[in-house]
Amino acid sequence: METLYATIRRRLAGEGRLLLAIDGRCGCGKSSLAAQLAADFGASVVHTDDYYLPFSARAEDWREIPAGNMDLSRLRAELLEPLRHGETPRCRAYDCRTDRYLPERTLAPGPLVIVEGSYSQHPALRDYYDYRLFVTASPETQRARLRAREGERFAVFEALWIPLEERYFRAFSIEERADYVLRTDG
């Protein structure tokens, strides 16, 4: 099987640009991988965490809706549609800790643009990407990494975020529909 780096190089050489989605389980290395690819290829990275819905805009039952906490239409309008049309995207991140939008920024799209984070391969977005990568690890590895990373907040991940992601993965066969699956165990 062709390595991820070889695939990226081949696609960039052939098409001159690549829009890559990195989805997968929390704590499995999506952000770290995106940062490494950005360093190695000079890529721009956009995080789906910047596209949470404000709390006041979420449906009452958002926890029951796969991706019910996400503003996928804003992600599509601000980023994916402009990229599709060769335009420069202007993005504004939403900061859920302060419940406010940050100042707008212009994304300098290069040959490789990475959309990193859970829900990046939702069916409403899936067809915009040239390549879809799913990052995963065993439940034991995932939980150990999250415990180390989140400390006291780990309980929220175990009770809320992991189940929400798993519901999304199952509802839309995210792992099965990815072009490449990367296991990050050990």
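Author: Let's start with A59, which counts as partly exposed because its relative accessible area is 37%. A59 sits in the loop that runs between β2 (44-47) and α3. Helices (H or I, at least four residues) and strands (E, at least two) are DSSP runs, numbered from the N terminus. From A59 to G117 there are 58 residues in sequence, and their C-alpha atoms are 21 Å apart in space.

Before we go on, please keep in mind that this is a predicted model, where local features need pLDDT of at least 70 and side-chain atom pairs count only at pLDDT 80 or more, while totals for chains, interfaces and linings use all residues. Residues are numbered from 1 along each chain as its sequence is written, and side-chain values use heavy atoms, with hydrogens and water left out.

Now for the fold around that loop. The protein has six helices and nine strands, and its C-alpha atoms fill a box of roughly 45 × 40 × 30 Å along the principal axes. Of its 186 residues, 48% count as buried. Contact here means heavy atoms within 4.5 Å.

Not counting residues up to four places away in sequence, L160 touches W62 and R63. Its C-alpha atom is 12 Å from that of P66, although 94 residues separate L160 and P66 along the chain.

A nonpolar core is a set of buried Ala, Val, Leu, Ile, Met, Phe, Trp, Tyr and Cys residues joined through side-chain atoms within 4.5 Å. The largest one has 35 residues, and L19, M70, L79, L80 and Y129 have the most contacts inside it. At least two residues of this core come from each of β1 (18-24), α3 (72-84), β7 (112-116) and α5 (154-172). With eight residues, α5 gives the most to this core. A second, separate core holds 20 residues, L4, I22, L112 and A137 among them. As a general rule, nonpolar side chains tend to be buried together in soluble globular proteins.

Y129 deserves a look of its own. Setting aside neighbours within four places in sequence, Y129 is in contact with L19, L20, A21, L80, V115 and S120.

Two other residues stand out for their backbone angle. Most residues other than glycine have a negative phi. Y119, in the loop between β7 and β8, has a positive phi of about 80° although it is not a glycine. With a relative accessible area of 3%, Y119 is buried. S173 likewise is not a glycine and has a positive phi, of about 50°. You will find S173 in the loop between α5 and α6 (174-177), where it counts as partly exposed because its relative accessibility is 29%.

T136 belongs to strand β8 and is buried, because its relative accessibility is 2%. Leaving out residues up to four places away in sequence, T136 touches R25, C28, E175, V181, L182, R183 and T184. S138 lies in the loop between β8 (131-136) and α4 (139-150), and at 16% relative accessibility it counts as buried. Apart from neighbours within four places in sequence, S138 is in contact with R183 and D185. From S138 to I162 there are 24 residues along the chain, and their C-alpha atoms are separated by 13 Å.

Notes
Buried means under 20% relative accessible area, exposed over 50%, partly exposed in between (1.4 Å probe, protein chains only).
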